[in-house]
Amino acid sequence: MNDVVVNVEKVSKKFCKNLRRSMYYGATDVIRSMIGIGTKTNVLRADEFWAADDVSFELKRGKSLGIIGVNGSGKSTLLRLLNGIYQPDKGRIKIQGRVGALISLGAGFHPLMTGRENIFLNASILGMRKDEIKRRFDEIVDFAEIGDFLDAPVKTYSSGMYVRLGFAIAIHAEPDILLVDEVLAVGDANFQKKCFERILDIIKNGTAVIFVSHSMTTVERLCTECILMKHGKQVFWGNTRECVQRYFHEIGQDNLLKSLQPQTVGIGDVVFSDVYVYQEGCDRNNPNIEFGKNIIIEFNYKFSKKESNNNQFRVTIRTFEGRDVQKFLFQESSFIDNVVYPNEKIIAFKKEGTARIKVLQPRLFPQTFRLDVAAAPLDIDVHLGGVANARIFNIIHPSTDKMYLEYGNMGVNEFDYSVEVN
Amino acid sequence: MNESTRQDPRNTIMIYEPNQRANLGLMRSWVFMFSNLINSRYLTWQLFKRDFISGYKQSFFGIFWIFISPLIGVLSWVFMNYTGILNPGDVGVPYPVYVLVGSIIWGLFISIYTATAGSLSLGGQLILQINFSHEALVAQQIAQTGANFVVNLLLISLVLFIFGIAPSWKAIFFPLTLIPIFLIGTGIGLVIAVITVVVQDFNKLVSAGLGFLMFLTPVIYAPKFQNKIIQNVVKWNPMSYLIVGARDIILYGRIENMAGYFYSCLLAIVVFMLSWRFFFLSEYKIAEKL
C-alpha cells in the first residue's frame with residue numbers, strides 16, 4: 001500500500017474581501033454551473049485574494065506535519081481544505097483513508113442531553129458508525145474521566161469535563177489522518193499530558209497527523225516536519241527545527257529576538273560574566289548540543305560584598321517561549337536547619353570565582369532553549385544579581401528526520417547534575 | 001469526494017479538485033447524494049433524537065404543542081365561518097373537518113419547506129468545523145416534520161371519528177399523495193436554504209409569500225366559485241391540485257382532476273430534482289459564506 005496518505009499538489013483557495021461582491025460571485029458561480037458553463041476558478045476577480053496560494057506537500061502514514069505561521073497566513077484555510085470543508089480553486093488534494101479532526105471539541109453537543117447520549121451524537125457527526133461507537137464507548141468514557149457524570153446532562157459539566165469528553169470522542173474515531181487545530185491546551189496539566197501521549201501513540205500506530213499551532217514547543221515536540229505559511233504562501237516545507245527558526249525569524253525581528261537579548265536583573269550586588277552552555281568535550285562557543293550528551297553550564301561570578309553565607313545560585317533552563325524546564329539551585333547553607341530540598345545542593349562559594357554545572361545526559365528534546373543565571377539570598381526575596389537570557393542554546397539530533405517523539409516528556413524527571421564552584 | 005465505498009475507510013481515496021461537483025453529471029450527482037443520505041442515516045437519527053426529544057425536555061405541554069397550533073388555526077377559521085365572515089362554499093362535509101384536514105396537509109407542506117430552508121443556517125457552525133454529509137441536516141429536519149405529522153394524523157382520525165365520517169377505502173392512497181407535497185416543499189426549501197446562508201432575509205420573504213399562497217389554494221374554502229380571477233389562479237396553481245388531491249382522497253375517496261394532479265406531481269418531481277442538483281453544486285459555497 002502506498003505510504004503517502006496526504007498529497008497536496010499546488011493547491012490554492014481564493015476568497016472575496018467584499019461581502020456584496022462575494023454574494024454576487026457565489027450566485028453567478030452556482031447559476032453558471034447549474035446551466036453547465038463552469039467558472040474559471042484559477043483567476044482572481046475584483047476584490048478576490050488567495051487565502052492559500054500554491055501549497056504543495058505530502059505526508060506519509062506515521063508522520064506528523066506542523067503548519068505554522070502568523071494569524072491570517074492561511075493555516076486554517078489549509079486545514080479546512082484538507083478536511084474537505086472548502087473546495088480548492090486550483091490544484092488537487094488526494095487523501096487516502098479516514099480523516100479525523102480535533103478541531104472544535106464537542107461540536108454539536110446538546111446541553112440537555114446526557115454525556116452518554118452526546119457521545120453517540122458527537123461520534124456520529126465525526127463519522128463513526130454505530131458499532132464502532134459501541135465498541136469504543138467504554139474507552140471514551142475512561143479517557144474522558146467523567147465518571148458519575150456520564151448520565152447527567154452535559155450542561156451540568158464543568159468546562160474541563162466538556163472539552164475532555166469532546167477530546168475523548170474525537171481521538172477515539174481512529175482516523176488514518178488526524179487534523180489538529182490548537183486544541184492541545186485543553187483541561188488541566190494532567191489531561192494535557194494524557195492528550196499528548198495519546199497523540200504520540202496514534203502517530204506511532206501509523207496515523208498521519210497534521211497540526212496547526214502557535215505553540216512552537218508543541219510543534220517541535222510533535223512534528224517530524226513542518227510548513228511555514230506567510231500571506232497564504234508556503235514559504236518553507238521541511239525540517240521542523242529549521243522551520244520554527246524561520247518562523248521566529250519572521251515574527252521575531254522586533255519583539256521576540258529583542259526579548260532574548262541578555263538582560264541584567266537584580267540590584268547589582270552580584271555580577272555574572274562569561275556564561276557558557278556547551279556539550280561536554282566540545283568548543284564552549286558552539287551553542288549546538290547533541291541530544292543525550294552531557295551539558296556543561298559555566299559562568300563567572302563576583303559578589304561586590306559578601307557578608308553572609310546564605311546565598312543561592314539559581315540557574316534556569318527555559319524553552320524558547322519562556323517556560324521553565326529545569327532549575328538548578330545550589331547554595332552555601334540550608335535554609336531551614338539542615339533540610340536540603342531534593343533539587344538543591346550545598347556548596348561553598350568564594351567572593352568571586354567560577355561555577356561549573358555538569359548535567360548528565362538530560363532528556364531535553366531537540367529545540368532551542370535559553371538559560372538564566374541569578375543569585376539571591378535565601379531569606380529575602382530579592383535578586384542580588386543575574387542575567388536573563390544569558391545564553392541561547394540548541395539541542396540537536398544528528399539525524400534530523402528521526403522522530404522527536406521518542407524523547408519523552410521534558411521536565412518530568414529531575415536532571416542528574418553535579419556542581420563545582422571555585 | 002468519496003469516490004469509492006465507505007465500507008473500508010482505509011482504502012477510501014478522496015480527491016478534492018476545483019469544480020469537482022459541477023463536472024459530475026446530473027444523474028451521478030443524484031446517485032451521489034442519495035448514497036450520502038443512506039450512509040448518514042445513523043447520523044440523521046442521532047440529530048433527529050437531539051432535536052426532537054430534547055426539544056420537549058424543557059417544555060410543559062411537551063408533545064401537545066404539535067396539536068395546539070393546527071387546532072388554534074382551525075378554531076379561527078371555524079369562528080369566521082360561524083359568524084358568516086367566511087363563506088367557503090359547499091364542501092360536502094362539516095366545515096371544521098374540512099378545514100382541519102386541509103390545514104394539516106397545508107401545514108405539512110409549509111413545515112417541510114421551513115425545516116429544509118432553515119437546516120443549513122441551523123447547522124452553521126458545525127458545517128464550518130466538521131466535514132459531514134449536510135444531507136443529514138436536511139433529512140433530520142424533514143424527519144422532525146414527519147414525526148409531527150404522524151401525531152397530527154391521529155388528530156385527523158379522532159376528528160373524523162367524532163363527526164362520524166368514515167373515509168373510503170381509497171384513503172389508503174393518502175400516504176402516496178403526500179410524496180409530491182414533500183417533494184415540492186423540500187425542493188423550494190433546498191434552494192432557499194442555500195440562499196438564506198448568503199442573504200439572510202430571503203427566507204422571510206418566501207415564508208410570507210407562501211403564507212399568501214395558502215389563500216390562492218383551496219385550503220379553507222371549496223375549489224368551486226364564481227370569481228373568474230380566483231378560478232384562474234387556482235387553476236394554474238400546482239399546489240391546488242396537490243393539496244386538494246391529498247385532502248379529497250381522505251374525505252371523499254377520489255381525486256377529481258386527475259390530469260391536473262398528474263402534471264402537478266410531475267412538476268413537483270422536476271422542481272425537487274433540480275433543486276437537489278442546485279443544493280449539491282452550491283454546498284461548498286455554503287461553508288465559504290458562513
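Two strands pair if DSSP finds at least two bridges between them. In this predicted model, strand 4 (residues 90-96) of chain A and strand 1 of chain B run antiparallel and are joined by four bridges. Opposite Gln96(A) stands Ile13(B), in strand 1 of chain B.

Strand 1 (13-16) is one of the elements that give two or more residues to the side of chain B that touches chain A; the others are helix 1, helix 3 (41-53), helix 6 (124-129) and helix 12 (258-289) of chain B. Across this interface, 35 residues of chain B are in contact with 43 residues of chain A. Helix 12 of chain B gives the most to the chain B side, with eight residues.

Chain B itself is assigned two domains, domain 1 (1-39) and domain 2 (40-289), whose C-alpha centres lie 31 Å apart. Between them, 10 residues of domain 1 are in contact with 11 residues of domain 2. Helix 1 (20-23) and helix 2 (26-39) of chain B each supply at least two residues of the domain 1 side, and helix 2 of chain B gives the most, with eight residues.

The two contact sides divide by residue class as follows.

| Domain 1 of chain B, touching domain 2 of chain B | six residues | three residues | one residue |

Within chain A, strand 17 (residues 352-360) pairs with strand 20 in the antiparallel sense over six bridges. Arg356(A) has Glu420(A) as its bridge partner in strand 20 of chain A.

How values were computed
Residues are numbered from 1 along each chain as its sequence is written. Chains are lettered from A and ligands numbered from 1 in the order in which they are written. This is a predicted model: local features need pLDDT of at least 70, side-chain atom pairs count only at pLDDT 80 or more; totals for chains, interfaces and linings use all residues. Domain bounds come from an automatic or database domain assignment. Two residues are in contact if their C-beta atoms, placed from the backbone, lie within 7 Å. Ala, Val, Leu, Ile, Met, Phe, Trp, Tyr, Cys and Pro count as nonpolar, Asp, Glu, Lys and Arg as charged, and the others, Gly among them, as polar.
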